[in-house]
Amino acid sequence: CSSPSMLTASVEKIHSRKTKGHLSFDEAGEWVSTSGQVKMTWETRSRGFKSPVSVCADPDGNVITVTVAKIGFSTDKYTIYRSTPSFKGQGPSPDPTGLKGEPLLPEFYFWAQIDTKRGMSSGNNTFCLVTGGTEENPQLSEPLYTGEKLSAFSYYAYVRNPSGDIVAKAYLAKGLSMAPEADVAAEVDLAAVVACGTYLVGNNSNAGALAGAGVI
């Protein structure tokens, strides 16, 4: 789990809304429950010709994960870091963001990887944990989650667990707002399933690389 604070206790329906970001970030927002409780916040930072950096934090502002994207023509790789080791003996990585100022994490440990394949209107990805190896040649687990973007006019995606059960759905709200929304099952890693469900198009925003949502 990315952090105990990210483990869902019950079924949640959440939506993303933009907020005013920090001066060093291009965009910022938060995932909010139907009762108005903030469940997770996000920020993204573009880096010129490099792919962007994304930050996921808990409601108190504690950074949970930092994601560095490598966006291709039809395949993308998202390298996800957290502040604690993923396996015994793992050493920290150099700051992978290339951003100036105070590091986003006290130490960067390669935690998970999302590999996405995109078509014209559909896509799929896998979310795997780092279990050994090195930064350059990591050993990855079997997929903990898999995401699938359906071929549809509007954005709609499923996230499944290893048993094939749907644990999250990501989509755009009906009406003029077209805000990113998600239905999330209990006892899943919110940061992981939101990332898996939204990194299905070529962008790196925890609000959802959700086409047409005003986030990308």
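β11 and β12 form a hairpin with five residues between them, and Gly-164 in the turn has a positive phi of about 90°. Helices (H or I, at least four residues) and strands (E, at least two) are DSSP runs, numbered from the N terminus. The model is a predicted one, in which local features need pLDDT of at least 70 and side-chain atom pairs count only at pLDDT 80 or more, while totals for chains, interfaces and linings use all residues. Residues are numbered from 1 along each chain as its sequence is written, and side-chain values use heavy atoms, with hydrogens and water left out.

The strands β11 and β12 run antiparallel and are joined by five bridges; two strands pair if DSSP finds at least two bridges between them. Ala-157 has Ala-170 as its bridge partner in β12. On its other pairing, β11 meets β10 (residues 145–149), again in the antiparallel sense, over four bridges.

Which residues of β11 make up its covered face, and which its uncovered one? Ala-157 and Val-159 are on the covered face, whereas Tyr-156, Tyr-158 and Arg-160 are on the uncovered one. The charged end of Arg-160 sits over the ring of Tyr-158, 5.5 Å from its centre; for this, NZ of Lys or CZ of Arg must be within 6 Å of the ring centre and within 35 degrees of the ring normal.

Now turn to helix α1. Nine of the nine residues of α1 (residues 190–198) are buried, so the helix is largely enclosed by the rest of the structure. Buried means under 20% relative accessible area, exposed over 50%, and partly exposed in between (1.4 Å probe, protein chains only). Asp-189 caps the N-terminal end of α1, with a side-chain oxygen 3.1 Å from the backbone nitrogen of Ala-191.

The largest nonpolar core has 29 residues, and Met-40, Phe-127, Tyr-145, Val-184 and Val-193 have the most contacts inside it. Such a core is a set of buried Ala, Val, Leu, Ile, Met, Phe, Trp, Tyr and Cys residues joined through side-chain atoms within 4.5 Å. Its largest share, seven residues, comes from α1. Not counting residues up to four places away in sequence, Val-193 touches Tyr-145, Val-159, Val-167, Ala-168, Val-184 and Val-188, where contact means heavy atoms within 4.5 Å.

Thr-116 belongs to strand β7 and counts as buried at 2% relative accessibility. The side chain of Thr-116 makes a polar contact of 3.5 Å with that of Asn-125, and reaches the backbone oxygen of Tyr-199 at 2.7 Å. A polar contact is a pair of N or O atoms within 3.5 Å; within protein, one must be able to donate a hydrogen and the other to accept it, and residues adjacent in sequence count only if both atoms are side-chain atoms.

Last come the rings. Rings of Phe, Tyr and Trp (its six-membered ring) pair if their centres lie within 6.5 Å; planes under 30 degrees apart count as stacked, over 60 as edge-to-face and the rest as tilted. The count comes to seven aromatic pairs. Tyr-81 and Phe-110 form a tilted pair, 5.9 Å centre to centre, with 40° between the planes. Tyr-81 lies in strand β6 and Phe-110 in strand β7, 29 residues apart.
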